[in-house]
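Please walk me through this protein in the viewer, one selection at a time. Tell me what to pick next and what is there.

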Amino acid sequence: YNQRRALLQAADMAHLKVFRLVSEIVAAAAYIQTYRPANRRMLIFDCGAGLCNAAVVNFDGDLIEVMAAAGSSELGGDDFDAVLMEMIRQKIVSSMPAGVTNFSEKMHSASGRFKVIAEAVKIKLAQLDEVTVRVPQSLFQEQLQQDFFIKVKRQDFFEASAPLIGK
């Protein structure tokens, strides 16, 4: 409620006339129908950092009808990032060259950098079946002589995310 009121106040201050406020899902549906028009029914997800919404939307000509909608404030994009971070960590551990020590400690101290990597991988997996991840040598100081590469597959991410999707 407060966000809607703040948005209306901002529009008023900018001298904009507001005809209607719509949810992010309805905005996404309008975009889809504008650029890829078709009569169909679609499930649309909107996962922000700490919130996930889903809606079944029916497209019939110019009419966009939300048939059902639900959401969770206990599930969001951060949860999917955490799944990817763990997948990447496991792949690195299983592929790490002999002699590299204290990896878990180094990864924990660089968790911000791994989160950025995971977010980038998540975005790329929306378009690609497989993404190559570069793990910078600098994360391991003198223990690695060059960057380290691993592959993350969309299907593996889906399977690892199944418990989240079940929520």
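Partly exposed, as used on this tour, covers relative accessible areas between the buried limit of under 20% and the exposed limit of over 50%. K151, at 44% relative accessibility, therefore counts as partly exposed. Bear in mind throughout that this is a predicted model.

**Stop 1: the whole chain**

Show the cartoon. The protein has six helices and five strands. From the N terminus, the elements run α-α-β-β-β-α-α-α-β-β-α. Now colour by accessibility. Of the 167 residues, 28% are buried. Take contacts between residues at least 6 apart in sequence: 49% of them join residues at least 24 apart.

**Stop 2**

Select H15. It sits in the loop between α1 (2-13) and α2 (24-35). H15 is not a glycine, yet its phi is positive, about 60 degrees. Is H15 buried or exposed? Its relative accessibility is 73%, so H15 counts as exposed.

**Stop 3: α3 against α5**

Two packed helices are described by the angle between their axes and the distance between the axes. Select residues 77-95, helix α3, and residues 111-125, helix α5. Their packing angle is about 105 degrees, and the axes are 8 Å apart. That angle makes α3 roughly perpendicular to α5.

Next, show the side chains at the contact. From α3, pick G77, D78, F80, D81, L84, M85, I88 and I92. From α5, pick S111, F114, K115, I117, A118, E119, V121, K122 and L125. By class, this contact of α3 with α5 holds ten nonpolar, two polar and five charged residues.

**Stop 4**

Side chains of opposite charge can pair when their charged atoms come close. Stay on the two helices and select D81 and K122. Their side chains form a salt bridge, with N to O at 2.9 Å. D81 belongs to helix α3 and K122 to helix α5, so the pair ties together parts that are 41 residues apart in sequence.

Compare the two partners. D81 has 1% relative accessibility, so D81 counts as buried. K122 has 26%, so K122 counts as partly exposed.

**Stop 5**

How many salt bridges does the count come to? The count is seven.

Start with D129 and R154. D129 lies in the loop between α5 and β4 (130-135), while R154 lies in helix α6 (residues 154-165). The pair links distant parts of the chain, 25 residues apart. D129 has 56% relative accessibility, so D129 counts as exposed.

Move on to E130 and K151. E130 is in strand β4 and K151 in strand β5 (residues 148-153), 21 residues apart. E130, at 34% relative accessibility, counts as partly exposed.

**Stop 6: the nonpolar cores**

In soluble globular proteins, nonpolar side chains tend to be buried together. The largest nonpolar core here has 23 residues. Select L84, I88, I92, V121 and V152, which touch the most other members. α3, α5, β4, β5 and α6 each supply at least two residues of this core. The most come from α3, with seven residues.

Centre on V121. Leaving out residues up to four places away in sequence, V121 touches L84, I88, V131, V133 and V152. Then look for a second, separate core. It has six residues, among them I25, A29, A55 and V57.

**Stop 7: I150**

Finish in strand β5, where I150 is found. I150 has a relative accessible area of 6% and is buried. Which residues does I150 touch, not counting those up to four places away in sequence? They are I88, K91, I92, V131, T132 and V133. I150 and K91 are 59 residues apart in sequence and 7.0 Å apart in space, C-alpha to C-alpha.

Key. Residues are numbered from 1 along each chain as its sequence is written. This is a predicted model: local features need pLDDT of at least 70, side-chain atom pairs count only at pLDDT 80 or more; totals for chains, interfaces and linings use all residues. Side-chain values use heavy atoms; hydrogens and water are left out. Axes are lines fitted to C-alpha atoms, for helices over the stretch in contact, and angles run from 0 to 180 degrees between N-to-C directions. Helices (H or I, at least four residues) and strands (E, at least two) are DSSP runs, numbered from the N terminus. Angles under 35 degrees count as roughly parallel, over 145 as roughly antiparallel, 65 to 115 as roughly perpendicular and the rest as oblique. Contact means heavy atoms within 4.5 Å. Ala, Val, Leu, Ile, Met, Phe, Trp, Tyr, Cys and Pro count as nonpolar, Asp, Glu, Lys and Arg as charged, and the others, Gly among them, as polar. A salt bridge is a side-chain nitrogen of Lys or Arg within 4 Å of a carboxyl oxygen of Asp or Glu. Buried means under 20% relative accessible area, exposed over 50%, partly exposed in between (1.4 Å probe, protein chains only). A nonpolar core is a set of buried Ala, Val, Leu, Ile, Met, Phe, Trp, Tyr and Cys residues joined through side-chain atoms within 4.5 Å.
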